[in-house]
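Hi everyone, thanks for coming. Let's have a look at today's structure together, one piece at a time.

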Amino acid sequence: MVIAHFCAALRAAVGDLMASHAEADIRTMLEDPVALGVRIVPSIEAHLASAGATTLADVIAYAWSAPAVHLRAVFDPTQLPSTPLAFAPVPQCQGTALAMVSAVAAFAALGSATISYGSENGGDLFVNLVVIPGTGDIPKKSTKSMSGHTDGVSFPIRGQNDPEDERIAPSPDFVGLCCLRNPDGVPTNVMSLEAVLKGMPDNLVDELRKPQYWITSQRTFESGMHEILGDELVRDDASLLFRVKDTNWIRYSHSNTGPADADSAAQEAIQQFQAGCVQCVQGIELYPGDIVLVNNRIALHGRANVGSEYGGTTRWLLRTYGLDTSSVKPEQRYPDSKFKLFP
Ligand SMILES: [Fe+2]
């Protein structure tokens with residue numbers, strides 16, 4: 001019920017904003033997501049209060065206890081052009097503007113700023129998740145399923161520093177996906193970290209906490225890392241599992257993390273963890289107009305096979321990230337952007 005109330009309040013608050021501003025003003029507002037949040041969150045709260053007992057604190061508590069917050073039918077995906085063929089740019093139309101404002105507003109309500117990283121897709125705040133035609137790794141990957149991972153895996157979790165470069169900003173707290181089209185009902189998969197760990201013996205869970213794993217950047221960050229850092233971001237003594245207050249946080253990707261010693265308990269732990277992810281998959285079917293906010297600390301995410309059709313009316317999601325930026329340092333930002341983090 002909490003999330004149904006939140007959806008209604010979000011939809012109403014975004015509707016009020018859109019009704020009182022021209023589309024060009026809305027685009028300008030999207031360049032400063034924090035200011036947009038400051039403007040719209042009081043309106044979300046007022047709509048919640050007039051509807052009954054749900055508060056933003058209830059919504060935030062839910063978002064930090066569940067693998068994902070599925071916001072159903074929160075925007076109207078109208079006037080869409082054909083599904084684009086690349087990560088960027090996001091085509092300008094009423095439907096994409098509504099989706100982006102709704103996602104920024106939802107993150108702001110959770111206390112998260114909507115952010116990007118300069119090293120991924122040129123630092124665009126929103127990117128298209130679509131099938132990309134052509135050959136090469138990225139087009140090939142765009143058609144395939146993805147097993148459980150967290151995004152920005154080579155960046156530290158919030159509250160920690162990269163051991164070699166303090167300019168590296170934390171990975172996101174949330175991954176936001178706005179569904180514009182999903183004609184085949186391809187599920188977005190989430191896995192509860194708690195459920196995965198419950199299926200593992202304690203000694204192997206403890207292995208994941210030890211600084212004995214290598215981590216590399218995910219493919220979408222590779223070229224940006226070379227441009228900005230002059231090299232790949234590789235760490236070889238990382239922990240994957242962290243105790244944060246009374247809960248566990250994870251950073252993990254099957255293809256971008258591994259044990260420093262391949263024949264060890266560290267390796268056994270990662271094998272069991274991977275198997276646990278497969279066991280604990282919950283599919284979320286996104287319909288046009290839905291937004292899902294996947295927790296990138298207490299859950300992993302992936303997707304089913306997408307297929308090779310592209311363009312036209314094929315699957316099209318917009319992706320962005322949410323992060324509590326209260327501890328982000330000036331050197332972890334770019335001076336020319338209100339939302340882009342380093343690298
Ligand atoms: Fe991802």
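This is a predicted model: local features need pLDDT of at least 70, side-chain atom pairs count only at pLDDT 80 or more; totals for chains, interfaces and linings use all residues.

For strand 2, the count is 5 of its 5 residues, so the strand is mostly covered, with buried meaning under 20% relative accessible area.

Now look at which way the side chains go. Ala 113, Ile 115 and Tyr 117 point one way from strand 2, while Thr 114 and Ser 116 point the other way. Residues on both sides are buried.

Which strands pair with strand 2? One is strand 15, residues 316-323, which runs antiparallel to strand 2 and is joined to it by 3 bridges. If you want to find this pairing on screen, go to Ala 113, whose bridge partner in strand 15 is Leu 323. Another is strand 16, residues 340-341, and here the pairing with strand 2 is parallel, over 2 bridges. In that pairing, Tyr 117 sits opposite Leu 341 of strand 16.

Let's move on to the metal. Which residues coordinate the iron ion? They are His 149 and His 301, each through NE2, and Asp 151 through OD, at 2.1 to 2.2 Å. Along the chain, these donors follow the spacing H-x1-D-x149-H.

Terms used. Residues are numbered from 1 along each chain as its sequence is written. Side-chain values use heavy atoms; hydrogens and water are left out. Donors are N, O and S atoms within 2.8 Å of the metal (3.2 Å for Na, K and Ca); water is not among the atoms, so sites may look incomplete. Buried means under 20% relative accessible area, exposed over 50%, partly exposed in between (1.4 Å probe, protein chains only). Helices (H or I, at least four residues) and strands (E, at least two) are DSSP runs, numbered from the N terminus. Two strands pair if DSSP finds at least two bridges between them.
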